[in-house]
Amino acid sequence: MLRIIRTPRLAELDNLASAFPLVRSKCDGLEKELDAARRHAQGLERELAQAKTKFQKEQAATARTHEERLAAAGRSARLNEHMLDEAQERANRIERLADEKVRDLKAEIDRLKTKLATNPVPNPEGVVARFQNLVGAPIDLTLYVKDLGSGYPQAEMQLVLLCAGCGYTEDKTWQGADRPEYRMEFIDHKFQGGALKRWAQEHAEKCRAVALPALVTA
């Protein structure tokens, strides 16, 4: 019968053999953890690739949008420049037309003044103020006095504004004692003769109708 002799080396091998299942189990656990880590790394790589692809697409789309905006801005700038050129051209054309119109009006005024000078208008009786319109036609402020025949020096005074060019007319009437100071008060009062003087001045500044001699009453 064989007898096993216990030696230190044999004891060491025996210890190693008894520890082998535990080491094997730890090794299997480490391999599983390694596989899980590899799968996690592969997942991260896929996510990284997807994120990179998405970023590249977004970057390309942003670049296209930027280029489109630049192109739109260029078109808008060219359109604005074209509109400004057209506006400047219209302004220049209007300015030329306005200059021509002013020259024509000045020529017409000079012609009408010359015509008026050859047909002088007589100065009617009772004219207390005279204005001239743009072409020299008279705008007269005439005072008419009518005796009321009441036995007293009472009269009806009428102040008439008449443009001999276009026929524009206004009048004011007052009744009272026929005295020189009352006449002057009526003529200068701001709501009577004074108002007619203001209207005559305003009318003279815009009227350019020439008087027709045949229609002027002395």
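Cys-163 is buried, at a relative accessible area of 1%, where buried means under 20% relative accessible area, exposed means over 50%, and partly exposed covers what lies in between (1.4 Å probe, protein chains only). This is a predicted model, so local features need pLDDT of at least 70 and side-chain atom pairs count only at pLDDT 80 or more, while totals for chains, interfaces and linings use all residues. Residues are numbered from 1 along each chain as its sequence is written, and side-chain values use heavy atoms, with hydrogens and water left out.

What about disulfides? A disulfide is a covalent bond between the sulfur atoms of two cysteines. Here the term is applied to a pair of cysteine sulfur atoms within 2.5 Å, and by that rule the count is 0. Cys-163 is in no disulfide, and its nearest cysteine sulfur, that of Cys-166, sits 3.8 Å away. Cys-207 is in no disulfide either; for this residue the nearest cysteine sulfur is again that of Cys-166, 3.9 Å away. Cys-207 also counts as buried, with 7% relative accessibility.

Of the 218 residues of the protein chain, 17% count as buried. The protein chain exposes about 17,000 Å², and carbon and sulfur atoms supply 56% of that area, with accessible areas coming from the Shrake-Rupley method and a 1.4 Å probe (for residues, only the protein chains shown count as cover). Among contacts (heavy atoms within 4.5 Å) between residues at least 6 apart in sequence, 45% join residues at least 24 apart.

The strands make up an open sheet of 4, in the order S1-S2-S3-S4 and with antiparallel pairing, two strands being paired if DSSP finds at least two bridges between them. S1 and S4 (169–177) are the edge strands, each pairing on one side only. From one strand to the next the twist averages 15°, with axes fitted as lines to C-alpha atoms (for helices over the stretch in contact) and angles running from 0 to 180 degrees between N-to-C directions.

Working across the sheet, S1 and S2 pair antiparallel over 5 bridges. Phe-131 stands opposite Ile-139 in S2, and Gln-132 has Pro-138 as its bridge partner in S2. These two strands form a hairpin with 5 residues between them, and Gly-136 in the turn shows a positive phi of about 95°. S2 and S3 come next, antiparallel over 9 bridges. Within this pair, Thr-142 is bridged to Val-160 in S3, and Leu-143 to Leu-159 in S3. In a regular strand the side chains alternate between the two faces of the sheet. S3 and S4 run antiparallel too, joined by 9 bridges, and Leu-161 finds its S4 bridge partner in Glu-170. The S3 and S4 hairpin has 5 residues between the strands, with Gly-167 taking a positive phi near 90°.

Several of the bridged residues turn up again in the largest nonpolar core. A nonpolar core is a set of buried Ala, Val, Leu, Ile, Met, Phe, Trp, Tyr and Cys residues joined through side-chain atoms within 4.5 Å. Of its 15 residues, Phe-131, Ile-139, Leu-141, Leu-143, Leu-159 and Leu-161 touch the most other members. At least two residues each are supplied by S1 (127–132), S2 (138–147), S3 (154–163), helix H2 (180–188) and helix H3 (193–204). S3 gives the largest share, 4 residues. Beyond its neighbours within four places in sequence, Leu-159 is in contact with residues including Val-128, Leu-141, Leu-143, Phe-186, Ile-187 and Leu-196.

Trp-174 is partly exposed, at 29% relative accessibility. Leaving out residues up to four places away in sequence, Trp-174 touches Ala-155, Glu-156, Met-157, Tyr-182 and Phe-186. Trp-174 and Phe-186 lie 12 residues apart in sequence, with their C-alpha atoms 7.4 Å apart in space.
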